[in-house]
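Please read it alongside the sequence and the coordinates.

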Amino acid sequence: MEKITLGFSPCPNDTFIFDALVNKKIDTGGLDFDVILDDVETLNQWAIEGRLDVTKLSYGVLPAVLDTYRVLNSGSALGRGVGPLLICKNNYRGALFTGTTETVAIPGEHTTAHLLFTMAYPNAANKIFMRYDAIETALLNGEVQAGVIIHENRFTYRDKGLQLITDLGQYWETQTGQPIPLGGIVIKKELPLHQQVDGLIRSSIEYAFAHYPQVTDYVRQHAQEMNETVMRQHIDLYVNEYSVDLGEAGKNAVLKLLNAGGGKWEEADVFIA
C-alpha cells in the first residue's frame, strides 16, 4: 500500500472534508495517508519547504510554491461571504481606523487574510503575525489595536466585546466581483496520482454531505472547545460546491487573486491537468 503524506488543519471544515478519506469510510484504492494536522500558517511554511505530498494551504502563499505543487479541483475553501474580518475592541474607535499607525494582528504572513488586508490597507506598517486563535486574546488584552480573524472566530467575536471594522472578503468581492479564494489543496507535481487523489477527496466530501448534518467524532475531536452549533456554522460557511469541484468559476477566482499583484499566472501553471 502506497503511503502519502497529507496535511490539513484541525478546523471543522477540513476534518469534515477529510474524515471519510483518512478514516477509510470510502475505498482509498490502495492509498494510505499519513496525516498531519496543524495550523494553516504552519502548513503554508511547510509547503514552501515542499515537506508534504498533499497539503491544505492558503491561496495567498500559492505563488511561492507553484514550482513544487499544483492545485486539486476538490477540497477548497472558496465562496462569497466567507472572507477574513478586521476587528477591534468595542471601546476602540474602529471607524477611525486607517491602518497606518495602529498595531494589527495577522494570522500568519503567508495567509490569504494577510494578502487581503494588504490590498485593503496598503500603507499598514505595524503588523504582528500570530496564530489565528491568539488574536482575540491579544485584542482583549490591549496588545494590538486591531486584528484579522478567520475560522470559528467569525462566529464568536461579538460575544467577546469585539466589533467589526472591515469585512475583507466583502472588500475583495466589491473590488473584483469574484468569490474569495481562501485556501485549497495542492499536490506535488512529481507525484503520479493527481487524478486519483483528487477523486478521493471529492468522494470524501460527497460521503460527508450524504451523512450531514451529522457531526462525526473525528470533527468533534479536533474542534477543541467549539460547540456543535459553531461546528455546523463553520462547515456550512466554508464547505460548498466549490469544495466539491472548483470548476471554471472557482479557478478564475483563484487566478484573479494570484494575479492581483501584477502576476501573469495561467490555468496550466496552477491546476492539475
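## H1 against H9

Pro-12, Asn-13 and Phe-16 of H1 touch Met-231, His-234, Ile-235 and Tyr-238 of H9, where contact means heavy atoms within 4.5 Å. By class, this contact has five nonpolar, two polar and no charged residues. Nonpolar covers Ala, Val, Leu, Ile, Met, Phe, Trp, Tyr, Cys and Pro; charged covers Asp, Glu, Lys and Arg; the others, Gly among them, are polar. Helix H1 spans residues 12-22 and helix H9 residues 228-238, and they pack at an angle of about 75° with their axes 8 Å apart. H1 is therefore roughly perpendicular to H9. Angles of 65 to 115 degrees count as roughly perpendicular, under 35 as roughly parallel, over 145 as roughly antiparallel and the rest as oblique.

The model is predicted: local features need pLDDT of at least 70 and side-chain atom pairs count only at pLDDT 80 or more, while totals for chains, interfaces and linings use all residues. Residues are numbered from 1 along each chain as its sequence is written, and side-chain values use heavy atoms, with hydrogens and water left out. Helices (H or I, at least four residues) and strands (E, at least two) are DSSP runs numbered from the N terminus. Axes are lines fitted to C-alpha atoms, for helices over the stretch in contact, and angles run from 0 to 180 degrees between N-to-C directions.

## H1 against H7

Helix H7 (residues 194-210) packs on H1 at an angle of about 110°, and the two axes are 7 Å apart. H1 is thus roughly perpendicular to H7. On the H1 side the contact uses Phe-16, Ile-17, Phe-18, Asp-19, Ala-20 and Leu-21; on the H7 side it uses Leu-200, Ile-201, Ser-204, Ile-205, Tyr-207, Ala-208 and Phe-209. Eleven of these residues are nonpolar, one is polar and one is charged.

How many residues of H1 are buried? Eleven of the eleven are, so H1 is largely enclosed by the rest of the structure. Buried means under 20% relative accessible area, exposed over 50% and partly exposed in between (1.4 Å probe, protein chains only). The buried residues include Asp-14 and Asp-19.

## H3 against H6

The axes of helix H3 (residues 112-120) and helix H6 (residues 168-176) come within 10 Å and cross at roughly 60°. Ala-113, Leu-116, Phe-117, Met-119 and Ala-120 in H3 meet Leu-168, Tyr-171 and Trp-172 in H6. This contact has eight nonpolar, no polar and no charged residues.

## Backbone exceptions

Lys-24 follows H1 and lies in the loop between H1 and strand E2 (31-37). Its phi is positive, near 55°, in a residue other than glycine. Lys-24 counts as partly exposed, because its relative accessibility is 42%. His-151, also not a glycine, has a positive phi of about 60°. His-151 sits in the loop between strand E9 (146-149) and helix H5 (153-156), and at 13% relative accessibility it counts as buried.

Tyr-212 and Pro-213 are joined by a cis peptide bond, with omega about 20°. Pro-213 belongs to the loop between H7 and helix H8 (217-222).

## Cysteines

The count of disulfides is zero, taking a disulfide as a pair of cysteine sulfur atoms within 2.5 Å. Cys-11 is buried at a relative accessible area of 3%, and Cys-88 is buried at 0%.
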